[in-house]
Amino acid sequence: MSLKIGTWRCNINGVECDLNIGSVNGEGVMTGELKRFIPEGTITVEGIWDETSRKLSFTIPPKPGPIADQYAPAIFEAVVFSTPRNPAPGVDVIWTMSGFLNAAGLGFVFSQGGNARRTTFGWFASITEVA
């Protein structure tokens with residue numbers, strides 16, 4: 001099973017957005033974008049897809065600037081699974097990734113509802129593969 005390319009509907013600590021998986025090369029390097037997660041609209045992401053463990057890890061880079069406009073880097077990790085697990089031919093499959101992110105700076109933490117002691121947040125995303 002390779003990571004599904006396309007737009008995954010995403011929920012990051014209650015913020016609904018899109019994770020657009022643009023490509024995954026033969027070495028597992030993933031490139032994509034988070035859309036509508038920040039006021040500016042789009043963040044470019046890069047990460048690693050591990051086919052064997054079905055694990056995706058990616059980062060968002062820091063955005064320097066005035067405290068009201070900046071965000072710090074964050075590391076996202078998730079595992080991917082399907083519903084149904086073993087679909088019969090002709091059955092749509094919902095692919096889901098679920099995991100956590102660790103924020104590396106307070107600009108991200110405060111904007112996402114955390115505080116200095118809460119820097120880990122949950123997230124999930126899904127995409128439907130129509131049979």
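This is a predicted model: local features need pLDDT of at least 70, side-chain atom pairs count only at pLDDT 80 or more; totals for chains, interfaces and linings use all residues.
Strand β4 has a covered face made of Ile43, Val45, Gly47 and Trp49, and an uncovered face made of Thr42, Thr44, Glu46, Ile48 and Asp50.

Residues are numbered from 1 along each chain as its sequence is written, and side-chain values use heavy atoms, with hydrogens and water left out.

## Overall layout

The protein contains 1 helix and 8 strands, and along the sequence they follow the pattern β-β-β-β-β-β-β-α-β. The strands form a closed barrel of 8, running β1-β2-β3-β4-β5-β6-β7-β8 with antiparallel pairing; two strands count as paired if DSSP finds at least two bridges between them. From one strand to the next, the twist averages 30°, taking axes as lines fitted to C-alpha atoms (for helices over the stretch in contact) and angles from 0 to 180 degrees between N-to-C directions.

Of the 131 residues in the protein, 36% are buried, where buried means under 20% relative accessible area, exposed over 50%, and partly exposed in between (1.4 Å probe, protein chains only). The protein exposes about 7,200 Å², with carbon and sulfur atoms supplying 55% of it; these areas come from the Shrake-Rupley method with a 1.4 Å probe.

Let's walk through part of the barrel. Strands β2 and β3 run antiparallel and are joined by 6 bridges, with Asp18 finding its bridge partner in Lys35 of β3. Next, 7 bridges join β3 to β4, again antiparallel, and here Lys35 stands opposite Thr42 in β4.

## The nonpolar core

The largest nonpolar core has 29 residues, and those with the most contacts inside it are Trp8, Leu19, Leu34, Met97 and Trp123. Such a core is a set of buried Ala, Val, Leu, Ile, Met, Phe, Trp, Tyr and Cys residues joined through side-chain atoms within 4.5 Å. The elements giving two or more residues to this core are β1 (6-12), β2 (15-24), β3 (29-35), β4 (42-50), β5 (55-60), β6 (74-83), β7 (93-103) and β8 (120-129). With 5 residues, β7 gives the most.

Beyond its neighbours within four places in sequence, Leu34 is in contact (heavy atoms within 4.5 Å) with residues including Ile12, Leu19, Ile43, Val45, Ile60 and Phe76. Thr96 sits in strand β7 and counts as buried because its relative accessibility is 15%. Leaving aside neighbours within four places in sequence, Thr96 is in contact with Trp8, Val79, Val80, Phe81, Ala125 and Ser126.

## Links across the sequence

Among contacts between residues at least 6 apart in sequence, 41% join residues at least 24 apart. One example involves Lys4, in the segment before β1. Not counting residues up to four places away in sequence, Lys4 touches Ile21, Trp95, Ile127 and Glu129. Lys4 and Ile127 are 123 residues apart in sequence, yet 8.0 Å apart in space, C-alpha to C-alpha.

## Salt bridges

How many salt bridges does a search of the whole structure find? The search finds 5, a salt bridge being a side-chain nitrogen of Lys or Arg within 4 Å of a carboxyl oxygen of Asp or Glu. The side chains of Glu77 and Lys55 meet in one of them, at 2.8 Å from N to O. Glu77 lies in strand β6 and Lys55 in strand β5, so the pair ties together parts that are 22 residues apart in sequence. Glu77 is partly exposed at 23% relative accessible area, and Lys55 is partly exposed at 32%.

Salt bridges with shared partners also join Arg9, Glu16 and Asp18 into one network. Arg9 pairs with Glu16, their closest N and O atoms being 3.6 Å apart, and with Asp18 at 2.9 Å, N to O.

Notes: Helices (H or I, at least four residues) and strands (E, at least two) are DSSP runs, numbered from the N terminus.
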